[in-house]
Amino acid sequence: MELNRTTPAVTNIVLLGGGHAHVEVLRQFGMNRVPEVNLTLLSSQTHTAYSGMLPGYLARHYSYAESHLDLLPLSQFAGAQFYRDRVVGLDLARRRILCARRSPVAFDLLSINTGSTPRMAAALGAERYAIPIKPVESFLRRWAEIERELSGAGRRPVRFLIVGGGAGGVELSLSLQHRLQRRWPERFETGNSFRFAVAAASPEIMPTHNVRVRHRFRELLAVRGIELFAASRVVRVEPDRAVDDQGRTHRFDYLFWVTEAAAPKWLREAGLEVDKQGFAVVDDRLRSVSHPEIFAAGDVASFQSRRCPKSGVYAVRQGGILARNLRYAAGNEPLVAYRPQRKFLSLISTGTQHAVASRGRWAVQGRWVWRLKDWIDRRWMRRYRQLPAMREEDESHRAGQDAEGEIVPTMRCAGCGAKIGRRALTNVLGRLPNRSDRSIAVGLEVPDDAAVFSVRRDASLVQSVDHLPSFINDPYLFGQIAAVHCLSDILAMGAEPHSAQIVAVVPFGREAVVEELLFQTLSGAARTLDEHQTALIGGHSSEGERLALGMTINGLLRQRLPWRKGNLRPDDRLILTKPLGSGILLAAFMRRRCPGRWLDGAIEQMVRSHASAVPVLRNYGAEGVTDCTGFGLIGHLAELIEASGVDAALDIDRVPIMEGAASCAERGIVSSLYPQNLQREATIVNCEEYRRHPHYPALFDPQTSGGLLFGIGENRAAACLRELRKIGWDGAAAIGAVTKPAGRNPRLYLR
Ligand SMILES: Cc1cc2nc3c(=O)[nH]c(=O)nc-3n(C[C@H](O)[C@H](O)[C@H](O)COP(=O)(O)OP(=O)(O)OC[C@H]3O[C@@H](n4cnc5c(N)ncnc54)[C@H](O)[C@@H]3O)c2cc1C
């Protein structure tokens with residue numbers, strides 16, 4: 001992410017797809033940063049499958065994490081933004097990429113490495129009834145469903161048909177069979193519970209391999225009881241059968257499609273020069289023959305002067321040349337040529353931990369071949385996992401102490417973790433003059449989530465301001481989350497958002513680069529504002545070192561009193577709508593210690609607006625509502641009980657926590673605001689007993705776009721929670737209760 005830069009960027013390079021070639025491009029840009037380049041990776045998934053290990057993953061020899069690369073730390077290493085989205089088109093005249101879920105993304109140079117999908121169009125009904133092996137993530141989702149269906153299928157025979165007799169189809173049948181055999185051995189003992197068959201269009205299976213390899217796999221299919229339909233080109237698919245060009249019918253319960261590769265439609269539709277199959281035609285510099293600003297590699301590319309098999313091996317080899325050529329093209333230097341290897345070694349697994357090696361006319365097999373393959377594949381994965389550490393990484397995640405013994409973390413956090421600590425802020429506000437006015441119903445005298453002042457007899461204006469430095473490497477998503485966060489103050493007062501003004505700070509760069517970054521950020525924010533029927537009515541922008549967004553939101557309260565912090569009553573139940581831990585995970589992300597799926601989980605929570613929850617809270621008579629943000633759960637709960645003059649008990653085991661947060665905190669990774677928030681520990685009577693509880697650090701974690709925290713009558717709490725969960729607030733939980741005050745100072749108890 002270079003959303004934080006001191007050197008102006010001049011060229012926008014976008015890498016489309018996290019394929020085998022692009023992971024190498026990212027690694028190379030990470031090893032040798034080019035400050036003038038603003039690099040972005042746009043890919044449909046955070047984790048990309050490594051083709052060499054996919055059959056091993058399906059056969060359960062590898063875990064998901066072992067066989068997939070996490071693109072998030074890799075793009076951080078490269079200093080690249082990472083947009084998780086699916087490309088649906090290209091506007092080449094304007095140099096823009098059209099995406100499924102966000103505004104178009106502009107580029108100066110574009111590199112495409114989005115792979116291929118099996119060709120289904122030639123067989124009638126295939127798109128409807130067959131399950132394609134690619135995109136891999138969709139296949140894996142479908143396979144997980146199939147396993148659930150099989151769990152409940154009793155012992156009735158289940159037929160799997162694999163269409164495609166190449167190495168991919170044969171490996172898939174052997175791997176899936178092995179997987180099921182390991183999971184349900186008893187179903188294999190009693191006969192043909194699971195029947196596998198492969199339909200190959202050519203008379204021979206694996207026609208690109210030598211005769212010895214073909215012979216070996218024919219034998220293996222026979223030994224493993226996998227039926228082979230050779231010279232059987234499937235031309236029609238019905239719900240339970242496939243019909244081939246000879247009129248033969250193969251019945252199935254599940255049909256997997258692993259045929260020759262097809263290209264995405266959007267390449268041809270964009271007007272890029274493509275071959276007969278629709279793949280982007282490139283020269284030996286991996287550059288489009290029709291559009292010199294576009295490069296392509298891997299399955300999606302087709303060479304003008306030679307045939308190159310659609311295989312991960314080629315995509316891998318192209319990565320290094322592609323990285324150099326993108327760098328040279330950005331600097332107007334001459335490009336270098338890619339020379340594909342004439343022969344290469346294929347190591348094809350047989351489902352068990354055994355493999356066949358194939359090269360030219362040579363073939364050899366054995367368990368040692370599998371071990372060799374395993375060693376090669378793991379070594380390849382290590383290249384992209386064991387990246388050189390960031391310098392600050394190791395010394396910064398633990399807080400240090402200054403001369404007065406005060407805790408001072410060395411790496412500062414962004415988002416709400418960049419808030420000034422409560423003590424400093426309270427001290428400063430106490431030193432400022434406070435001008436009161438009768439029209440101000442809620443101001444700094446009794447502060448709340450937003451200020452309220454009357455503008456008309458029947459309505460009050462509710463106003464809040466917030467400012468967030470960027471905390472993720474996707475400006476569009478940052479804009480969305482920042483807007484949700486800012487709107488939350490208004491919603492927490494029970495008001496309707498009305499209008500907003502924005503202050504944006506964008507890192508230095510060439511005008512077009514700055515424009516693109518500003519556009520991505522503001523279009524994300526504008527989309528969220530629009531979803532809340534909130535008009536953007538003004539703002540201000542400036543250049544700076546780090547992307548940041550501030551917003552003033554105006555809301556209206558019509559004939560209604562605001563939800564106030566001071567309205568908790570003894571015996572109320574306390575409900576929190578979102579899990580805690582975003583501050584910890586964002587701190588881990590900054591240190592490149594946050595796996596992509598944990599950050600994806602945190603983002604999913606942060607981008608959720610409470611607009612849908614507000615009517616439920618109102619219907620059930622919620623009171624003492626606040627949004628849980630920078631001061632953490634304890635800080636905000638302490639504000640509620642202080643304002644209400646009550647005590648509260650918190651059920652620490654019931655406090656929802658985001659996946660990964662407890663484990664990061666255990667390793668000492670916390671937000672830089674954590675030490676200040678921890679000062680609120682003094683409110684907890686029995687903190688000593690709970691300091692080692694795994695949820696404890698999350699109680700003080702600053703939340704960006706955190707949950708609503710509120711009190712509700714004991715008799716209505718369960719129904720309110722049920723209603724919230726019904727509309728999708730799955731993470732909402734009852735986390736404690738309000739109790740009568742035991743002394744003069746409000747106290748919290750953990751239990
Ligand atoms: C069962 C099976 C086993 C195989 N085994 C091997 C093997 O052992 N060795 C080998 O060399 N080859 C193997 N192959 C072939 C190999 O999978 C492909 O040749 C290889 O994956 C192509 O790599 P790539 O980099 O071009 O694209 P991919 O690896 O397919 O990567 C494409 C990336 O782009 C992303 N993407 C796709 N579409 C979009 C979109 N519209 N918008 C945004 N992002 C997008 C995807 O999420 C993915 O991250 C196998 C194939 C199959 C089916």
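User: Which residues come nearest to the ligand, and how many are around it?

Analyst: There are 33 residues around the ligand, and G17, G19, G115, G298 and G312 come nearest; a residue counts as near a molecule or strand if its C-beta atom, placed from the backbone, lies within 6 Å of it. Please keep in mind that this is a predicted model, in which local features need pLDDT of at least 70 and side-chain atom pairs count only at pLDDT 80 or more, while totals for chains, interfaces and linings use all residues. Residues are numbered from 1 along each chain as its sequence is written.

User: What elements give two or more residues to that shell around the ligand?

Analyst: Those elements are α1 (20-31), α2 (54-58), α7 (167-183) and α11 (312-330), where helices (H or I, at least four residues) and strands (E, at least two) are DSSP runs, numbered from the N terminus.

User: And how does the shell divide by class?

Analyst: The shell around the ligand has 12 nonpolar, 17 polar and four charged residues. In this scheme Ala, Val, Leu, Ile, Met, Phe, Trp, Tyr, Cys and Pro count as nonpolar, Asp, Glu, Lys and Arg as charged, and the others, Gly among them, as polar.

User: Which domains does the shell draw at least three residues from?

Analyst: Domain 1 (11-116 + 263-346 + 376-385) and domain 2 (126-261) each give at least three residues to the shell around the ligand. The assignment for the protein chain also gives domain 3 (449-563) and domain 4 (564-751), with bounds that come from an automatic or database domain assignment.

User: How far apart do domain 2 and domain 4 lie?

Analyst: Their C-alpha centres are 49 Å apart.

User: Back to α1, then: at what angle does α1 pack with α4?

Analyst: Helix α1 and helix α4 (residues 71-78) pack at about 35 degrees, with their axes 7 Å apart; axes are lines fitted to C-alpha atoms, for helices over the stretch in contact, and angles run from 0 to 180 degrees between N-to-C directions. The contact involves V23, L26, R27, F29 and G30 of α1 together with L74, S75, F77 and A78 of α4, where two residues are in contact if their C-beta atoms, placed from the backbone, lie within 7 Å. By class, the contact of α1 with α4 has six nonpolar, two polar and one charged residues.

User: Is the crossing of α1 and α4 left-handed or right-handed?

Analyst: The crossing of α1 and α4 is left-handed, a term used if the near helix is turned anticlockwise from the far one by less than a right angle, with right-handed used if clockwise. By contrast, α15 passes α16 in a right-handed crossing.

User: How do the axes of α15 and α16 cross?

Analyst: The axes of α15 (residues 475-492) and α16 (residues 511-531) come within 7 Å and cross at roughly 40 degrees. The contact of α15 with α16 has 11 nonpolar, seven polar and one charged residues.

User: Which strands does α15 lie across?

Analyst: Helix α15 lies across β35 and β37 (708-712), and runs at about 170 degrees to β35.

User: What is the strand order of the open sheet of six strands?

Analyst: The order is β35-β37-β34-β38-β36-β39, with mixed pairing, and two strands pair if DSSP finds at least two bridges between them. The edge strands, each pairing on one side only, are β35 (623-627) and β39 (748-750), and the twist averages 25 degrees from one strand to the next. Inside that order, β34 (residues 573-576) and β38 (residues 733-739) run antiparallel and are joined by four bridges, with G736 in β38 as the bridge partner of L574. Helix α24 (residues 714-726) lies across β34, β37 and β38, running at about 20 degrees to β34.

User: How many bridges pair β30 with β33?

Analyst: Strand β30 (residues 459-469) and strand β33 (residues 548-558) pair over 11 bridges in the antiparallel sense, and V462 has G555 in β33 as its bridge partner. Strand β31 (residues 496-507) also pairs with β33 in the antiparallel sense, over nine bridges.
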